[in-house]
Amino acid sequence: MHDSSLEMTLSGIRLNNPILSASGPFGYGLEYLPLMNKGDLGALVVTGTTFEPRPGNPPPRIHETPAGMLNAVGLENCGVEQFAKEILPKLAEYNLPIIVNIAGKTIDEYIKIVEYLEKVPNIAGYELNISCPNVEQGGMAFGTDPDIAYTLTERVKQISTKPVIVKLSPNVTDITVIAQAAEAAGADCISLVNTFLAMAIDIEKQRPVLGNVVGGLSGPAIRPIALRMVWQAASAVDIPIIGMGGIDSWESALEFILAGATAVAVGTAFFTNPGIAQEIKQGLQAYMEKNMIDSLEKLVGAALPQKTVGGCIGTDD
Amino acid sequence: MTLPIIHLCEVLINREVKPGFYELRLHAPMLAKSAAPGQFAMLQCAAGKSTDPLLRRPLSFSNVCKKTGSIVFLYQVKGKGTHLLSRISEGDYLDVMGPLGTGFKLPKPGTPIAVIGCGIGVAPLIYMADYGRKHGHDVYAFIAARSKDSLLGADTLTASCACVYTATDDGSHGVKGNITDLLDEAAGTLALCKTTYICGPWKAMAVSAEKCLGLGLACQVSLESIMACGIGACLGCTCKTTRHIHYTRVCTEGPVFQAEEVLFDA
């Protein structure tokens, strides 16, 4: 019997498995976690949290597209204080590392949120959302300018006692520039990709479908592009990567791992299949057992040309 | 592992009852046990794993038979998802997530109630009418559609209702006119019903609710919305109500609301 463990450490955060919830679709986890088995999810990444509560965008907020969907929820959230006081205690029973996705309009707002959360127990790390396409200020604008991304990451790192993950926008010409800026500023990890800026038009009304005009495209439709960007980022930086973008099976999760992701995040796929995390976990385990791989880490980046064959299929040792 | 809210259900019937409108009957004993009127389920429209259409479709329960363990949905073919659903054969299995949402509430025993529906909005009211009758209420139905070809539930509702009033835009069935005309026409009967249940297109629902509230009747409306998750996580289906300063989730706090809570013009 081969012991194929999915346990791992991601920038100092101990994970039972490499499957995370992508910030956004999973909300605060209070809807999906009760439906799942303990241990199905490696860590919970909660929805984008701002300092003050945010109402979000006017409806319609979502629209289905071929093999994907647009969303323009607009970071509706209850604000950091209510999150810490009311929601965080409810998450304790799930005994999961909790990573808070942080979204600010200004660098100072990011700092204020981190300062607040530094005094709150039971938070494993922060994910800086510099990639939300659905807000007027901050969001994606931070993620498309390497200088701002650098400054923001550096300032958060100065006050954070916890791992800082920087979530990158795919809406850039060269993902490696931003990835390297985050790394140079001291980011512990990067996650990518957030959604692609996109839109749809109602041909009867001859107007954009979404209340916000544009939204973020997610789902299997973006997967090959997301995978390419993870591959490129993995070739450009040495810090761990959380890969995401249309993952809806263990096979697609494994593609991201082979492209260089240490962990993966699942978002849109939960809508169709709330049991997806367990399916990925079991699929990865079965793959590792079949191929006699005892540690998932041996698969991370195995498809990259410069990596040596840690767990290459077809070898016996 | 099967999640407690996911049910793999055998398709017993999937047939066109009016042009473009289908009845889907599933063998779903677990769902039938717990599905309340006004609640809904999220259906995977294609057999097997499909990425296109990506999302499940929300459909409200149109009837439930606890004895035989079957549930019925009525749906209109509108897009890709419902088109694929209409192609599913009897004997196939469908992945159904539910029951979801907050349904209709019954009033005090013994009081007459009214169900008011337009087009496919009649779907949840058929179950509500049956449920109301079984709980000792006299039920009156007011249903409207474009023509007799899209008028749903006229026959089914006669079994549970003391009277079924109908209207069609072209006059091919019942009163010639829309739901407002029908409610005016039968205002006397409507006024007897202390509680009303409304479902239909947004505007029709807004004017019907206004009329009922104007008569001093309690009024519950079942809202329709595009949904992604159906369980309150994605915040994709929100609407404006008096419950919150900002937005309210249709999928969990609704789809049924007290009419006076809903800000129809927002």
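A residue is called buried when its relative accessible area is under 20%. A:C189 sits at 0% relative accessibility, so this cysteine counts as buried. Keep in mind that everything here comes from a predicted model.

Let's look at the confidence scores. For the complex, the predictor gives an ipTM of 0.93 and a pTM of 0.93. Chain B has a mean pLDDT of 94, with 98% of its residues at 70 or more. In chain A the mean pLDDT is 92, and 92% of the residues reach 70 or more.

One stretch of chain A needs some care: pLDDT stays under 50 over residues 308-317. For that stretch the model has seven contacts beyond four places in sequence.

## Where the chains meet

On to the interface. Here 29 residues of chain B are in contact with 33 residues of chain A. Between chain B and chain A, the buried area is about 2600 Å², and carbon and sulfur atoms give 63% of that.

What about polar and charged pairings across the interface of chain B and chain A? The rule finds nine residue pairs in polar contact, with both residues at pLDDT 80 or more. On the side of chain B that touches chain A, the residues split into 18 nonpolar, six polar and five charged. Two salt bridges also turn up across this interface. One salt bridge links A:E31 to B:R249, with their closest N and O atoms 3.3 Å apart.

## Salt bridges in the whole structure

Side chains of opposite charge can pair when their charged atoms come close. How many salt bridges does a search of the whole structure find? Over all chains, the count is 19.

Chain A has some of its own. A:E76 pairs with A:R61 in a salt bridge, the closest N and O atoms being 2.7 Å apart. Another joins the side chains of A:R14 and A:E7, at 3.5 Å from N to O. A:R14 counts as exposed because its relative accessibility is 53%, whereas A:E7, at 48%, is partly exposed.

## Cysteines without a partner

A disulfide is a covalent bond between the sulfur atoms of two cysteines. How many disulfides does a search of the whole structure find? The count over all chains is zero.

B:C65 itself is partly exposed, with a relative accessible area of 27%.

Methods: Residues are numbered from 1 along each chain as its sequence is written. Chains are lettered from A and ligands numbered from 1 in the order in which they are written. Side-chain values use heavy atoms; hydrogens and water are left out. Contact means heavy atoms within 4.5 Å. Buried area is the accessible area (1.4 Å probe) that two parts lose on being put together, summed over both. A salt bridge is a side-chain nitrogen of Lys or Arg within 4 Å of a carboxyl oxygen of Asp or Glu. A polar contact is a pair of N or O atoms within 3.5 Å; within protein, one must be able to donate a hydrogen and the other to accept it, and residues adjacent in sequence count only if both atoms are side-chain atoms. Ala, Val, Leu, Ile, Met, Phe, Trp, Tyr, Cys and Pro count as nonpolar, Asp, Glu, Lys and Arg as charged, and the others, Gly among them, as polar. A disulfide is a pair of cysteine sulfur atoms within 2.5 Å. Buried means under 20% relative accessible area, exposed over 50%, partly exposed in between (1.4 Å probe, protein chains only). pLDDT is the predictor's confidence in each residue, from 0 to 100.
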